[in-house]
Amino acid sequence: MNPERRSSAVEPGADPGGSGHAGLRAATLHDVATQAGVSLATASRVLNGSERKVAEGFRERVERAAEALGYTPNMSAQATARGRSPVIALLVADIADPYFGQIAAGVARGADERGLVVTISITERDPDRERRILRALRGQRPQGLILAASRADLASRSATSPVELEAFERYGGRVVAFGEGQELGDGRTARSVVLDNAGGAEELGRRMAALGYRTAIGIGAAAGVRTSDDRLGGFTRGFEGGGGRLDRILRGDFRRESGAAAMAEALTAGVEPGTLVFAMSDVVALGAISAIREAGREVGADIAVCGFDDVPASGDVTPALTTVRLPLNDAGYQAFRAIVDDDWVQAALPIEVVVRASTPGVVRAR
């Protein structure tokens with residue numbers, strides 16, 4: 001007798017227990033095993049992703065039975081069988097920010113190719129909140145963790161400390177970070193997806209100086225936030241190398257409202273016509289534009305504005321916003337590949353300065 005044979009097959013939807021109410025409840029793994037005529041253990045190995053081999057004939061029978069019954073595997077059971085769940089965890093600072101939305105779309109594209117699920121957690125750039133999320137995720141045993149939120153240089157302020165991340169990897173997950181240098185607690189660093197924030201901003205600064213701008217105001221996040229620091233530093237090098245001068249830097253955060261508040265502060269102190277405003281992101285730049293208009297000033301010929309990221313809204317505003325185009329969707333996809341591919345190496349992520357009407361240039365007398 002076939003040792004896998006447990007009972008005769010039953011019709012899809014039938015109640016193997018004889019209650020007559022199978023149509024009122026979700027199919028169970030026991031239902032699938034009975035329908036396929038295999039042991040419960042075999043059905044579990046097939047559907048919950050165990051590493052143990054199952055004969056092809058049995059696998060096909062189990063998969064057909066699961067399809068006929070509409071059975072949905074239990075993620076907790078899959079995590080037990082595999083040592084990890086079919087989940088990729090993505091941590092972002094603010095899902096309303098289109099920067100993170102485009103990264104998430106790229107991660108989701110990769111997950112769809114592998115039949116995996118993406119969960120998104122929002123840190124709100126709060127180290128304590130990020131730490132709580134990370135500890136909760138460990139219990140779910142995701143295949144990988146992608147850290148997309150901007151990080152501070154100060155290790156004491158980093159929720160994603162080496163100890164926390166080393167504990168995460170002990171549970172079978174792989175850590176991938178946006179930006180270099182994320183330590184894992186045992187002398188290693190996490191795989192990194194690197195966007196050339198400094199290089200892109202430096203090229204933007206050079207282009208703005210070439211358009212005739214000589215005085216600029218920077219709007220950034222708090223000192224120590226890497227993305228902001230890299231962009232402001234790169235822009236300053238490019239702009240001053242081309243003959244310009246960064247007059248002042250105003251600090252806030254990554255929200256549109258923060259850009260508006262910083263610009264209003266600058267306007268109150270005085271902004272000469274022909275001044276260029278460099279905002280560390282397009283979202284912040286859009287806030288600055290609203291404050292300029294609120295003050296009765298003109299964007300472009302009076303006060304020029306440029307940003308960074310090239311989010312969709314940048315080309316829709318009037319005047320359209322000069323910016324640096326980042327391949328954020330592709331970066332998200334690369335982060336996913338860094339999770340699932342053992343031999344992953346980052347492919348090129350080219351950046352591009354996009355000059356639009358918000359920086360028409362300054363005509364200078366000869």
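**Surface, helix and core**

Guide: The accessible surface of the protein comes to about 17,000 Å², and 49% of this belongs to carbon and sulfur atoms. The model is a predicted one. Its secondary structure consists of 12 helices and 11 strands, and 50% of the 366 residues count as buried.

Visitor: What span does helix α9 reach from its first C-alpha to its last?

Guide: Helix α9, residues 226-241, reaches 22 Å, close to the 22 Å expected at 1.5 Å a residue. Just after α9, Gly-243 takes a positive phi of about 105 degrees.

Visitor: Which residues of α9 are buried?

Guide: As a general idea, an α-helix has 3.6 residues a turn, so residues three or four places apart point the same way. In α9 the buried residues include Thr-227, Ser-228, Arg-231, Leu-232, Phe-235 and Phe-239. The buried residues of α9 pack against helices α5 and α8 and strands β6, β7, β8 and β9.

Visitor: Which residues touch the most other members of the largest nonpolar core?

Guide: In soluble globular proteins, nonpolar side chains tend to be buried together. Here the largest nonpolar core has 45 residues, of which Ile-146, Phe-178, Phe-235 and Leu-276 touch the most other members. Elements that each supply at least two residues include α5, α8, α9 and β8, while the largest share, seven residues, comes from α12.

Visitor: What does Leu-276 touch?

Guide: Beyond residues up to four places away in sequence, the contacts of Leu-276 include Phe-235, Phe-239, Met-208, Ile-217 and Val-305. A second, separate core of 26 residues includes Ala-266, Val-271, Ala-279 and Ala-288.

How values were computed:
Residues numbered from 1 in each chain as written. Predicted model: local features only at pLDDT ≥ 70, side-chain atom pairs only at ≥ 80, totals over all residues. Heavy atoms only, no water. Helix = DSSP H or I, 4+ residues; strand = E, 2+ residues; numbered from the N terminus. Expected span 1.5 Å × (residues − 1). Buried < 20%, exposed > 50% of the residue type's maximum accessible area, 1.4 Å probe, protein only. Contact = heavy atoms within 4.5 Å. Core = buried A, V, L, I, M, F, W, Y, C linked by side-chain atoms within 4.5 Å. Areas by Shrake-Rupley, 256 points an atom, 1.4 Å probe, with all protein chains shown as cover.
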